[in-house]
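Work through the exercises below with the model open beside you. Each task is followed by a solution in steps.

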Amino acid sequence: MAFLRMSGIPVLLLASCVALACGDLYAGYGWCLAAGALLALGGSYGIVHQRLLDALERWRFGWCGALPAVRGAAAYTLLLVTIAGLVASLAFVTALLFGISASAQHGGDRFYALAGIGLALVAGTAVAAVRVFRPSALARTHHADGIREPVLALPWLNDARLPHLLDWQRRAALVRWRRGGSFVMVGIVLAAVPIGAPMLEVSALVLLVLSWSWLVVVMRASADAFVAAVRLLAAVPWDAHSARMASLRYPLIATLCALMLMAIGTALLRHGVVALFWIACAGATSAWPLVRLARATRVAGPRA
Amino acid sequence: MTGLLRATNVRVAYGDVHVLDGIDLTIAHGEFVALIGPNGAGKTTLLHAIAGTAPLCDGHVDVDGHDLAKTPRAAKEAVGLAIDPPSLPVLLTGRECLALFAGARGLPSIPPATLALGETLSLTSVLDRRIDGYSLGMRQKLGIMLGLIGEPPLLLLDEPFNGLDPRSALAFKTHLVSLVARGGTSVLLATHSLDIAERHATRVVLLMDGRVRRSWDAAELMGMRESPEPSLEKAMAEACGV
């Protein structure tokens, strides 16, 4: 299961990018390949970083934390799982790339696409692994990520029917965002941009990649926090409709903010098809968490 | 005393495992019922079945005249279930968590009685700290306060004295006894502390293998209290066939 969790999301993330990069659109929109590679880089870094931190934390502070395990065994095992996840992602991307490009007009470019995305995937995973397993990171306590407050307090957004659910969702998103690398991703994205690329387009790409990654994090964290709240309040006589309305406030505000940033990014990029692609990405990102939010009030309570 | 809870032929199963196998239990207003029994007897599951958080395979639960299956919201208005410490949201502060529960119950703010209980349990000073930094005892106290918020007529408590320091445990016992003595509140307490059951309960129910094996009424318990030896322990051992 850990293997699937480690490899599944980057693969899904890459699938859409690769499809776009290797299709007939490739000739007209070379930046799509760059976007795919950047997403692979940022996505693999963020996801592997978060998964490794979670797994390491469970290992250190979970039920098996007191077992007399050999020093470094956890890190070694997790590293092997990460490498296996990476190999699986690369294999999947290669198969997908060759499959798609067989009938594409510019199918010959598949080697460049494969090299770009593969290298990005390896680099993202490697940076995440180094950051998690470096000695100073291992010494950090597991509470540290949740302590800091968001920069802007938004008390007026709270719903009186479920006060502080919004705070719960925001903090969950913040913890997840920081675990996923936060603004380190900007540096990674910039580092991957070719020398001499137009600044306007680079800024647009950074804006698009960051706003989409942020939206992914916020939507998933909001849905998870609400599902946890439903379980916590299972014995309380709350109104399901009011609860659903309260749970949507933060995700909707976040989606609006992300769409505004994406609109600015696409305007700077000046490609209508790319704008459609990003809007489709945002929609796909938000759809499943929104379904989970709507379904959460029907989730059964905890087992005794 | 009038009927507050009526559980009839309650059956709960997790997969092939039958945890509750036809439980009948009635609790009147102002009763303090202790639920005892060995590990795995089904005490916690029974509390969750009454609170509506464990699905019934058969039978029905009626709380304060409301059928839990047909009108769950009305039935849950009358029930307060203390929250298990590991289930608390670590990213919220204690006060935020209390406000969340108060809002869900339709209360405009945290009731003064709940804050007073926090003061009694010496939790006020840490209410503005994140739950992530709470000790087990602090979490237990907060879980108790969440169950008692709004003072519902039926309190369901699962080992609430675990992790409490002696002073807080005494304060909470006194609080429970005074709530019951006022007549408006009934308590169903699942516990392994036979001395608490023997001293404070008005009825003790022994659960074994998902069934009610035996119960002791107020008169029998009164007799046990007057005995110099720990009689409930002996009576339970006999009932269990030890």
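**Exercise 1. The fold of chain A**

Task: Which pattern does chain A follow along the sequence, and how many helices and strands does it have?

Solution. The model is predicted. Step one: read along the sequence, and chain A gives α-α-α-α-α-α-α-α-α-α. Step two: count the elements. Chain A has ten helices and zero strands. Step three: check burial. Of its 304 residues, 43% count as buried. Step four: turn to the contacts in chain A with a separation of 6 or more. Residues 24 or more positions apart account for 85% of these.

**Exercise 2. One proline in chain A**

Task: Find the place of A:Pro289. Is A:Pro289 buried or exposed?

Solution. Step one: A:Pro289 belongs to helix α10 (residues 272–295) of chain A. Step two: apply the cut-off. A residue is buried if 20 or more other C-beta atoms lie within 10 Å of its own. A:Pro289 has 21 other C-beta atoms within 10 Å, so it is buried. Step three: list its contacts, leaving out residues up to four places away in sequence. A:Pro289 touches A:Met219, A:Arg220, A:Ser222, A:Ala223 and A:Pro251. Step four: take a separation. From A:Pro289 to A:Gly43 there are 246 residues in sequence, and 18 Å in space from C-alpha to C-alpha.

**Exercise 3. The contact between the chains**

Task: How many residues does each chain bring to the contact, and which element gives the most on the side of chain A?

Solution. Step one: chain A brings 25 residues and chain B brings 30 residues. Step two: find the elements on the side of chain A that give two or more residues. These are α6 (165–179) and α8 (199–232) of chain A. Step three: α6(A) gives the most to this side, with five residues. Step four: sort the residues on the side of chain A that touches chain B. There are 17 nonpolar, four polar and four charged.

Now look at α6(A) itself. This helix has 15 residues and reaches 21 Å from its first C-alpha to its last, close to the 21 Å expected at 1.5 Å a residue. Of the 15 residues of α6(A), 13 are buried, so the helix is largely enclosed by the rest of the structure.

**Exercise 4. The four-stranded sheet of chain B**

Task: What is the strand order of the open sheet of four strands in chain B, and why is one side of β2(B) and of β5(B) left without a neighbour?

Solution. Step one: the order is β2-β1-β4-β5, with antiparallel pairing. Step two: β2 (17–28) and β5 (66–67) of chain B stand at the edges. Each has a single partner strand, so one side of each lacks a neighbour in the sheet. Step three: go through the pairs. Strand β1 (residues 3–14) of chain B joins β4(B) over five bridges in the antiparallel sense, and B:Leu5 faces B:Val63 there. Strand β4 (residues 58–63) of chain B joins β5(B) over two antiparallel bridges. B:Val63 stands opposite B:His66, and B:Asp62 has B:Asp67 as its bridge partner. Step four: inspect the turn. The hairpin of β4(B) and β5(B) has two residues between the strands, and B:Asp64 takes a positive phi near 55 degrees.

**Exercise 5. The six-stranded sheet of chain B**

Task: What is the order of the open sheet of six strands, and which way do the side chains of β7(B) point?

Solution. Step one: the order is β6-β7-β8-β3-β9-β10 in chain B, with mixed pairing. Step two: β6 (79–81) and β10 (211–216) of chain B stand at the edges. Each has a single partner strand, so one side of each is without a neighbour in the sheet. Neighbouring strands are turned by 20 degrees against each other on average, direction ignored.

Step three: trace the pairs of β7(B). β6(B) and strand β7 (residues 154–158) of chain B run parallel over three bridges. B:Val79 has B:Leu154 as its bridge partner, and B:Leu81 stands opposite B:Leu156. Five bridges join β7(B) to strand β8 (residues 186–190) of chain B, also in parallel. There B:Leu156 has B:Leu188 as its bridge partner. The chain crosses from β7(B) through helix α6 (residues 166–181) of chain B to β8(B), and this β-α-β crossover is right-handed.

Step four: recall the general rule. In a regular strand the side chains alternate between the two faces of the sheet. In β7(B), B:Leu154, B:Leu156 and B:Asp158 point one way, B:Leu155 and B:Leu157 the other way. Five of the five residues are buried, so β7(B) is largely enclosed by the rest of the structure.

Helix α9 (residues 231–240) of chain B lies across β3 (32–36), β9 (203–208) and β10 of chain B, at about 35 degrees to β9(B).

Technical notes:
Residues are numbered from 1 along each chain as its sequence is written. Chains are lettered from A and ligands numbered from 1 in the order in which they are written. This is a predicted model: local features need pLDDT of at least 70, side-chain atom pairs count only at pLDDT 80 or more; totals for chains, interfaces and linings use all residues. Two strands pair if DSSP finds at least two bridges between them. Axes are lines fitted to C-alpha atoms, for helices over the stretch in contact, and angles run from 0 to 180 degrees between N-to-C directions. Two residues are in contact if their C-beta atoms, placed from the backbone, lie within 7 Å. Ala, Val, Leu, Ile, Met, Phe, Trp, Tyr, Cys and Pro count as nonpolar, Asp, Glu, Lys and Arg as charged, and the others, Gly among them, as polar. The expected span of a helix is 1.5 Å times one less than its number of residues. A residue is buried if 20 or more other C-beta atoms lie within 10 Å of its own, exposed if 12 or fewer, and partly exposed in between; C-beta atoms are placed from the backbone. A crossover is right-handed if, with the strands pointing away from the viewer, the path from the first strand over the helix to the second runs clockwise.
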